[in-house]
Amino acid sequence: METKNSIIHVILTGGVGSRLWPLSRKSQPKQYLEIFENKSLFEMTVERNSHLADKVMVVGNVENHHLSGKVMDKTKTNYLNIVEATPRNTAAAIAFAAFASNPDDVLIITPSDHIIDKMDDYNNAIQEAVKKANEGFIVTFGIIPTKPETGYGYIESRGDKVLSFREKPNETTAKEFIARGNFLWNSGMFCFKAGVLLDELKQFQPEVYEKSKAVWEANEKGLLNLDLSMEIPSISIDYAVMERSKKIKVVPASFSWSDLGSFESVYDYLVSKGHPIDKNGNMVIGSGKHTTFLGLKNTIFVYTETANLILQKESSQDVKDIYSELEKIKSELLN
């Protein structure tokens with residue numbers, strides 16, 4: 001591909017994976033758990049994009065950047081490390097990466113905790129997005145849905161045109177979206193020229209733009225200043241730019257994708273990779289001990305050293321409520 005500008009893979013590493021407690025903890029969020037054929041989701045993200053980009057940036061935070069560093073060492077990847085002093089949501093995180101780039105550099109923004117298969121389809125989608133980014137568009141990736149999922153946001157589209165962004169729906173609305181046939185899952189992945197994104201951010205969220213710029217200019221070897229960071233409004237890139245810009249395009253993508261945001265999606269993935277379940281669909285995660293389920297179906301037993309969780313697969317989305325309860329009492333079990 002003949003481009004003078006660099007293609008930069010930007011990995012966002014925020015989030016604690018509250019719906020995967022007790023596997024996912026503050027000290028070891030889900031993207032660093034080596035439970036996927038002895039690799040972590042973070043490592044798989046680095047490998048998947050290594051041949052697509054010239055450079056890599058990791059936007060992490062003070063709590064997790066040492067974990068990211070271990071993965072980057074393991075994969076022998078050179079990278080620019082951007083360490084947020086405090087989480088300020090995705091608009092600021094992406095702005096830092098854009099400020100660290102040349103205006104004509106094309107950024108491929110991916111979270112660090114997604115599972116993606118069908119690599120030919122993935123590579124094709126990235127190439128198409130890079131092409132559109134070079135034409136001055138801000139590209140989002142919409143996944144062709146396989147079921148009425150309530151855990152994802154949706155993109156209403158016509159071809160590569162975005163008609164609307166929709167919040168996570170209830171089940172009835174999700175079924176309606178699927179029936180209408182022009183709704184895609186919002187993957188949280190983006191592609192654009194750094195300068196184009198910053199121009200749009202400056203137009204729609206000048207305060208986020210100016211405060212993020214000040215924070216980046218005061219960085220010391222990628223470490224960001226806490227007091228200055230606290231002044232940045234906390235807002236997602238979706239609200240800040242995607243839902244307002246006239247430069248948005250969507251690449252409808254047919255690669256298989258999951259944000260592994262719940263034990264149900266982890267279960268489905270592990271089953272696809274041959275992880276054992278009994279004849280009633282019961283699964284053990286985290287223990288090699290012989291475990292027998294009696295009179296139970298589709299139950300997941302999650303074992304860790306300090307806490308166990310036993311849940312119906314269908315109740316996976318409710319795990320975050322347990323996390324919230326533990327958070328209220330400042331439980332050590334979250335660490």
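Biologist: Where does lysine 118 lie?
Modeller: Lysine 118 is in the loop between strand E5 (115-117) and helix H4 (119-134). This is a predicted model, and in it lysine 118 has a positive phi of about 60° although it is not a glycine.

Biologist: Which helix holds asparagine 89?
Modeller: Asparagine 89 is found in helix H3. Its phi is positive too, at about 75°, and asparagine 89 is not a glycine either.

Biologist: Now helix packing. How are two packed helices described?
Modeller: By the angle between their axes and by the distance between the axes.

Biologist: At what angle do the axes of H3 and H7 cross?
Modeller: Helix H3 (residues 89-99) and helix H7 (residues 206-217) have axes that cross at roughly 55° and come within 9 Å. The two helices are therefore oblique to each other.

Biologist: Is the crossing left-handed or right-handed?
Modeller: H3 passes H7 in a right-handed crossing.

Biologist: Which residues of H3 and H7 meet?
Modeller: On the H3 side they are Ala91, Ala92, Ala95, Phe96 and Phe99. On the H7 side they are Val208, Tyr209, Ser212, Lys213, Val215 and Trp216.

Biologist: On to strands. How many residues of E4 are buried?
Modeller: Six of the six residues of strand E4 (residues 106-111) are buried, so E4 is largely enclosed by the rest of the structure.

Biologist: Which way do the E4 residues point?
Modeller: Val106, Ile108 and Thr110 point one way, and Leu107, Ile109 and Pro111 point the other way. In a regular strand the side chains alternate between the two faces of the sheet.

Biologist: Do E1 and E4 pair in the parallel or antiparallel sense?
Modeller: In the parallel sense, over six bridges. Isoleucine 7 stands opposite valine 106 in E4.

Biologist: How many bridges join E4 to E9?
Modeller: Four, and E4 and strand E9 (residues 183-193) run antiparallel. Leucine 107 stands opposite phenylalanine 192 in E9.

Biologist: What about E2 and E3, parallel or antiparallel?
Modeller: Strand E2 (residues 55-61) and E3 pair in the parallel sense over five bridges. The chain goes from E2 through helix H2 (residues 65-74) to E3, in a right-handed β-α-β crossover. As for burial, four of the five residues of strand E3 (residues 80-84) are buried.

Biologist: Which strands form the three-strand open sheet?
Modeller: The order is E12-E13-E14, and the pairing is mixed. Strand E12 (283-285) and strand E14 (308-312) are the edge strands, each pairing on one side only.

Biologist: Which helix packs on that sheet?
Modeller: Helix H10 (residues 263-272), which touches E12, E13 and E14. The direction of H10 makes about 100° with that of E12.

Biologist: And how many bridges are there between E12 and E13?
Modeller: E12 and strand E13 (residues 299-303) have three bridges and pair in the parallel sense. The bridge partner of methionine 283 in E13 is isoleucine 300.

Technical notes. Residues are numbered from 1 along each chain as its sequence is written. This is a predicted model: local features need pLDDT of at least 70, side-chain atom pairs count only at pLDDT 80 or more; totals for chains, interfaces and linings use all residues. Side-chain values use heavy atoms; hydrogens and water are left out. Buried means under 20% relative accessible area, exposed over 50%, partly exposed in between (1.4 Å probe, protein chains only). Two strands pair if DSSP finds at least two bridges between them. A crossover is right-handed if, with the strands pointing away from the viewer, the path from the first strand over the helix to the second runs clockwise. Axes are lines fitted to C-alpha atoms, for helices over the stretch in contact, and angles run from 0 to 180 degrees between N-to-C directions. Angles under 35 degrees count as roughly parallel, over 145 as roughly antiparallel, 65 to 115 as roughly perpendicular and the rest as oblique. A crossing is left-handed if the near helix is turned anticlockwise from the far one by less than a right angle, and right-handed if clockwise. Contact means heavy atoms within 4.5 Å.
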